[in-house]
Amino acid sequence: MARSVYVTGIDRGDGRQAVELGVMELLTRQVDRVGVFRPLVHAHAPVGAPPGPRAGAEAGSDHVVELLRARYRLDLPASELYGLTYEEAAALQAAHGQDELVSVLVDRFRAVERRCQAVLVLGTDFADTNIPDELAFNARLANEFGAAVLPVVGGHAQDAEAVIAEVRNAHRAYTDLGCATLAMIANRVAPSAKQRIQRKLTEKLAIPAYVIPEEPALAAPTVAQLVEATGAEVLTGDAAGLARDVRGFVFGGAMLPTFLDALTEGALVVTPGDRADLVIGSLAAHAAGAPPIAGVLLTLGQHPGPNVMALAARLAPGTPVAVVPEGSWPTAATLTHLEGKLSAASPRKAEIALGLFELHVDTVELTNRIEVGRSERVTPMMFEHELLERARSARRHVVLPEGTEERVLRAAEILLRRNICDLTLLGEPDAVRRKAAALGIALPAVGAPPGHRAGGEPAADRARVRIVDPATSPLRRQFAELYAKLRAHKGMTVELAHDVVTDVSYFGTLMVQEGIADGMVSGAVHSTAATIRPAFEVIKTSPGAAIVSSVFFMCLADKVLVYGDCAVNPDPDAQQLADIAIQSAATAAQFGVEPRVAMLSYSTGTSGSGADVDKVRKATELVRRLRPDILVEGPIQYDAAVDEHVAATKLPGSPVAGRATVLIFPDLNTGNNTYKAVQRSAGAVAVGPVLQGLRKPVNDLSRGALVEDIVNTVAITAIQSQEHGPSQEHGPSQEAQQ
């Protein structure tokens, strides 16, 4: 039977969506079939039919359920994830009593449970629900579902003593109603009260209690939300601009000099549409980064002239400008009551919420209390979760040379919010900040000294970012002298090196070499050669490695295979091929894949001959002689390597055939085409290329890399660096950060 978790609360405004997302993340790390069930949902359309098996599902939907469906690729039909609408539930209870209502909801829950290994249940939202004794109703549903309860108590605008009392009362209430309570969570508490609340709850409760502070970025609505709420017409702006958080409002009425002084970072400018001076002035300030705004909302239905809009689009491309028919006062009344919400349309907020949950909740302890048995299958999502968790477990410092590239900045925000690693972004600081602001990206603790974050909250456990300009960094002279010494045999001088090290790839590589960073990831806009040439010159190969090679982790539906070498060596000889196999087996083991190595060829066993097959045969013999502990088979064809039925015919009795996990291709042509064919045709997730054989980790990105590819590659780099120990604790000097 599935193990279910019922996340519930005691009142509205508790922000429990962040907790629901965090619990879903924990469940999907353990098993590959996780379901979501919302017993009651608000209707978004009139329901003409009486309560029936499908009426509730057809009548309403929920933004959190849709977020979870999209983010975790749930394949259950959306209609099956809901029980009834609140209106249907009220009618059913009035006509037949609560027992009948509960019976219907249990039946619908069981339909989801039967198809899943675990189910996350989202309790009622305490908002216009018309349910008598709503807490008791949630408790009864949890008991009938056989689900453990995780109550969330909101602490917004409450002092520490009030929060402590409410958490204790909620714990007592759910316990008295017979619920198996996993833990208690106090959410949205004042950061200054967090430590006191945590200490008191730990003293007074017999179960774990977790305290999550208020995060302004979660409460802030996006520009898109405000556009929807006001019915505004968007005149200009792109999807990234509409996804920006609105952290405040500035209502325009003053003359331009006074108005500019009132602008704040992340503010939405609200001004009559005929104030072209304020529109252009605010967008010009945004373009200069002083300060970056969220967008402009024009009132009174007035559209600026085409020349003004053309200038606006050139000044701040992507920044939203929208218009509403109402005046400033009714518009302000609508805007000031809106809060941010998690939805499939706001992936950034989901990352912020997960980072907050993972930082303040003991996820290992909570997972153990949920008692979900880990699945034997390894899905792509489970593999990616494992990467992030391992990187987070011993946080390292990774340098990203392409600091002004959009995908890199978006990945950096995720890495920092999820607390995966500390980062250094290379680039001119103002340019990096302007680009981040234009994208609506918040980089926590930019330029902050170690141990602190924006707002003064202690951040000993928070990932930090530094911005370093190679051209002005105090490290430039030191790196020039080092590079000149390393390349003196090639005629390099300190004067020449002084220019070379301003190249971001060289500067980042030298940071790794000197222990200022633990690893480097580049290649989103640079070629493979530009990324790895400095590593060959400066970091060089590790002891025992003949060459530098690469692997891809190929995440199939139910397992992870390792492909090598698909990115670096065009035509390795037998000795190099053996070295690639040995390195790939070690990389596989490092990332939890039991190495069983298949040396691929166009023939299996002794059935073929020729120079190409002989090379593979010789490489296989070398692996066996050099590393008798590695299970290896070759030459072997791909089908015999991965299909047990084919293996039984072609190589019966082989410990590798049919069960290979590490597949070594004879040349780059074969390897590169095969990984791309499997990626595109089989829907596999390809993580890599991951470089191996260097003394310190440097990894290359495809120039078509997606944001999630960058996140995964940085996590892999951090994990690789964990074998070498951490970089210098102080990192770049404060002067270098600026």
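Me: Which residues of helix 15 are buried?
Reply: In this predicted model, Thr 331, Ala 332 and Leu 335 are the buried residues of helix 15, which spans residues 328–335.

Me: What puts these three on the same side of helix 15?
Reply: The arc that they cover around the axis is only 100 degrees, and therefore they lie on the same side of the helix.

Me: Why is the pair of Phe 249 and Phe 251 called tilted?
Reply: The planes of Phe 249 and Phe 251 stand at 35 degrees. Stacked requires under 30 degrees and edge-to-face over 60, so the pair falls into the remaining class, tilted. The centres are 6.4 Å apart, and the limit for a pair is 6.5 Å.

Me: Are Phe 249 and Phe 251 buried or partly exposed, and what values decide this?
Reply: Phe 249 has a relative accessibility of 26%, and Phe 251 has 38%. Buried means under 20% and exposed over 50%, so both residues count as partly exposed.

Me: What makes the pair of Tyr 483 and Tyr 506 edge-to-face?
Reply: The ring planes of Tyr 483 and Tyr 506 meet at 75 degrees, with the centres 5.3 Å apart. The angle is over 60 degrees, so the pair is classed as edge-to-face.

Me: Which parts does this pair tie together?
Reply: Tyr 483 belongs to helix 21 (residues 475–486) and Tyr 506 to helix 23 (residues 504–513), so the pair links parts that are 23 residues apart in sequence.

Me: Why are Tyr 483 and Tyr 506 called buried?
Reply: The relative accessible area is 4% for Tyr 483 and 12% for Tyr 506. Both values are under 20%, so both residues are buried.

Me: Why does Cys 555 count as buried?
Reply: Its relative accessible area is 1%, which is under 20%, so Cys 555 is buried.

Me: How do you know that the charged end of Arg 390 is over the ring of Phe 591?
Reply: The charged end of Arg 390 is 5.6 Å from the centre of the Phe 591 ring, where the distance limit is 6 Å.

Key
Residues are numbered from 1 along each chain as its sequence is written. This is a predicted model: local features need pLDDT of at least 70, side-chain atom pairs count only at pLDDT 80 or more; totals for chains, interfaces and linings use all residues. Side-chain values use heavy atoms; hydrogens and water are left out. Buried means under 20% relative accessible area, exposed over 50%, partly exposed in between (1.4 Å probe, protein chains only). Helices (H or I, at least four residues) and strands (E, at least two) are DSSP runs, numbered from the N terminus. The arc is that of the directions from the helix axis to the C-beta atoms. Rings of Phe, Tyr and Trp (its six-membered ring) pair if their centres lie within 6.5 Å; planes under 30 degrees apart count as stacked, over 60 as edge-to-face and the rest as tilted. A charge sits over a ring if NZ of Lys or CZ of Arg is within 6 Å of the ring centre and within 35 degrees of the ring normal.
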